[in-house]
Amino acid sequence: MTAESLNSVLGGESSFEYVWDNASKKPQGAGKAICDAAKAYWNTKLFTYVSSAGMYQPTPDTTFPMAETTPIKESAGQALFDNYAVELGLPLVSIRPQYIYGPKANKYDYIDWYFDRLVRNLPLLIPGDGTQKVSLTNSEDVASLLASVLNDEEAAIQQRYFNCGTDDLVSYDEVGLLCADAAGIDRTNVKVEHYDADAYGKGKFPFRPSNFYVAPDMAKEKLGWVGPSHSLKGDLASYYDGYKERGGLDRKVDVMKDYEIVVASKL
């Protein structure tokens, strides 16, 4: 796909002053075409790109929550997309979300990992001591932050990079207990086993073994974002209903890696 063909598909004479790109993973194919079309045809005033906080590479000296100045993996597709858009001279605003759940979210692995084990009375194998913090953000809060770039377009373009995540943080162990509450499982029946990820690896655990979380302070300060309207605790009951509707109670769950870690850690 090229800018010309994309513009033709969209009517040929269209103008898109505001663009939100939630699909491109790198500046190739359609990703490159949308940038080129915004530059060549659309008279775009604000180009908001949904990037990823997963590209951050914290160092031993990194203070959490990670700020927008945290080193990133420069070869990541989203970083290359950012660079291409900037080189073109687009009015880029790059939003970096992390661990999204909720309506229209396309990944269930994070929270399903807990329910898959809890409803089968299996242990939760959590690396480290389980106090590591995580930012799990409802997709509706992500959407409201994406829309907040319109509150101050100049400030959005000037700052350019914004973390996207709730500041209602929970620990890895707390996620397990909250999921148990949502599933009607007594907390005393929750089996948590901590292990050394340096020795036995990450296994199937859905998060980083260490702290890895962001906060929306910059979006609040520069864009006037009011903050999240959702909390994980408040959302998990409806999430669990969806888990059951998706067949979570009956599907086959691969826990072989869990078994290997449990056995190895007791030798």
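Guide: Buried means under 20% relative accessible area, exposed over 50%, and partly exposed in between (1.4 Å probe, protein chains only). By that rule, cysteine 179 is buried at 0%. This is a predicted model, in which local features need pLDDT of at least 70, side-chain atom pairs count only at pLDDT 80 or more, and totals for chains, interfaces and linings use all residues. Residues are numbered from 1 along each chain as its sequence is written, and side-chain values use heavy atoms, with hydrogens and water left out.

Visitor: How many disulfides does the structure hold?

Guide: A disulfide is a covalent bond between the sulfur atoms of two cysteines. The cut-off is a pair of cysteine sulfur atoms within 2.5 Å, and the structure holds 0. Cysteine 164 is too far for a bond because its closest cysteine sulfur, in cysteine 35, is 19 Å away. Cysteine 164 is buried, at 1% relative accessibility.

Visitor: Which residue forms a salt bridge with aspartate 112?

Guide: Side chains of opposite charge can pair when their charged atoms come close. A salt bridge needs a side-chain nitrogen of Lys or Arg within 4 Å of a carboxyl oxygen of Asp or Glu. Aspartate 112 pairs with arginine 251, with 3.0 Å between the closest N and O atoms. The pair links distant parts of the chain, 139 residues apart: aspartate 112 lies in helix 4 (residues 109-118), arginine 251 in the loop between helix 10 (232-245) and helix 11 (256-265). Helices are DSSP runs (H or I, at least four residues), numbered from the N terminus. Aspartate 112 is buried at 5%, while arginine 251 is partly exposed at 29%.

Note on methods
Helix = DSSP H or I, 4+ residues; strand = E, 2+ residues; numbered from the N terminus.
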